[in-house]
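Thanks for coming. I have one structure to go through today, so please have it open while I talk.

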Amino acid sequence: LDILRIDGRLEFASSVDTQLAVDTILVAPQGQLSIGSSQRPIADHVAARVVFVADGGIDATWDPHQLSRGLLAHGQVEMYGKEVTPYVALGSDLLAGASELVLASVPTNWEVGDRLVLTGTHYDYSNNQDEELEILAIRGNVVDVDADPELPGQQPLAYNHVTPDGDDGANPADPMNLSPDGDLLNVYVANVSRNVVLISETPEINEHRGHVMFVHNQDVDIKNVGFYGLGRTDKRNPINDPRLDADGKLIENTGLNPQGRYSVHFHRAGTSYDNQPGWVSGSAIVDSPGWGLVNHESYVHAHNNVAFQVTGASFVTEFGNEIGSFEGNLSINNAGSGDGLEDRS
């Protein structure tokens, strides 16, 4: 589809595979989009996918502000995938050559074929040591992995993943000794596979990427959802917002890098505790050129999410007056522009 406008209620089936290929979804203020619910999440054995497709660049004559291509929701949105433990600490350190992970606890609903990210523990920006793995087998808290599914056979880990020094002994931030084991640091394994997916069909072309914006609305409940290859704002480069002339037409050489086109974005829904908060939990945001989950002048709770390969910050309050919470979120492998702190002021 080119454009799907929802004025009523669109509900995805929860017990069979579904896929919607679309350029732009607009949920009107009275509309409802339901991809699973708290009472009936998308079932464990099936998948629900929204694929944002692109037939060339955005038509600036029709959409000079370049807001289309993605999900724009003024109305209610709920998305519930199967419950997945987003990340688990390692139970023991790992050395290069290993192909078995021993986890500190048994994760929920990790399955063969899932994509894992094992956090690197040696700082060398020119040689990132996070490793992407595929589950080959899982037995309780023991996971057999393949570190490179593109190569034949089971490939072992390329790097050591060892808890950094200084993690033993008393915790200066815990004077009451509530954590007597002194475990301040852990090596984590994140699972970024979800069965409810929003994904760009051709993320390698930046202007073909979709984005998700909840506009002046936070009647949003998202749990266990994967956001892959989304977002068009590129934080590696200076912002270049669209500017219109007196006739409402895009001025040449503007709109080259608009702000506000992020992977998951709550946009000016209001900062009053009298409002209902938006929720995003247990979800995965992977591959974004500029910010991951953004609270912009809204009331949002973001708990136990994972972000991987996000340029700029993974979890952001944009303006300074936002309310809500960020708790238990894990951010792995962020990149910056390389500019100095005040270079763009």
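This is a predicted model: local features need pLDDT of at least 70, side-chain atom pairs count only at pLDDT 80 or more; totals for chains, interfaces and linings use all residues.

R268 is partly exposed, at a relative accessible area of 45%. R268 sits in the loop between β19 and β20, the latter being residues 278–281. Its phi is near 50°, which is a positive value in a residue other than glycine.

There is another residue of this kind. H216 has phi near 55°, again positive and again not a glycine. H216 belongs to the loop between β16 and β17. With 52% relative accessibility, H216 counts as exposed, because the cut-off is over 50%.

Is Q218 buried or exposed? Q218 is buried, because its relative accessible area is 5% and buried means under 20%. What does Q218 touch, leaving out residues up to four places away in sequence? The contacts are F266, A269, G270, N275, Q276, P277, G278, S298 and Y299.

β16, residues 211–215, and β19, residues 264–267, run parallel and are joined by three bridges. Within this pairing, F214 is opposite F266 of β19.

Now the sheet they belong to. It is open, has seven strands, and its pairing is parallel. In what order do the strands come? The order is β1-β4-β7-β16-β19-β22-β25. The edges are taken by β1 (3–6) and β25 (315–317); each has a single partner strand, so one side of each has no neighbour in the sheet. From one strand to the next, the twist averages 10°.

Next, the largest pocket. Its volume is about 370 Å³. The lining consists of 21 residues, and those nearest the centre are L67, S68, L72, M213 and V215. Which elements give two or more residues to this lining? They are β1, β4 (24–27), β16 and β19. By class, the lining of the largest pocket divides into seven nonpolar, nine polar and five charged residues.

On to β15, residues 196–200. Four of its five residues are buried, so β15 is largely enclosed by the rest of the structure. β15 pairs in the parallel sense with β6, residues 48–52, over five bridges. There, V51 stands opposite I199 of β15. β15 also pairs with β18, residues 226–228, again in the parallel sense, this time over three bridges. The bridge partner of L198 in β18 is F227.

Last, some antiparallel pairing around β14, residues 188–191. β9, residues 87–89, pairs with β14 in the antiparallel sense over three bridges. A89 is opposite Y188 of β14 in that pair. β11, residues 115–118, is likewise antiparallel to β14 and joined to it by three bridges. In this case L118 stands opposite V189 in β14.

To go back to where I started: R268 lies in the loop between β19 and β20, and H216 in the loop between β16 and β17. Both carry a positive phi, near 50° for R268 and near 55° for H216. That is what I have.

Terms used
Residues are numbered from 1 along each chain as its sequence is written. Side-chain values use heavy atoms; hydrogens and water are left out. Two strands pair if DSSP finds at least two bridges between them. Axes are lines fitted to C-alpha atoms, for helices over the stretch in contact, and angles run from 0 to 180 degrees between N-to-C directions. Buried means under 20% relative accessible area, exposed over 50%, partly exposed in between (1.4 Å probe, protein chains only). Contact means heavy atoms within 4.5 Å. On a 1 Å grid over the protein atoms alone, a cavity is a set of points where a 1.4 Å probe fits but cannot get out, and a pocket is an open set with protein on both sides within 12 Å along at least five of seven lines; lining residues have an atom within 4 Å of a point. Grid points are joined across faces, edges and corners, and a volume is the space filled by probe spheres set on the points. Ala, Val, Leu, Ile, Met, Phe, Trp, Tyr, Cys and Pro count as nonpolar, Asp, Glu, Lys and Arg as charged, and the others, Gly among them, as polar.
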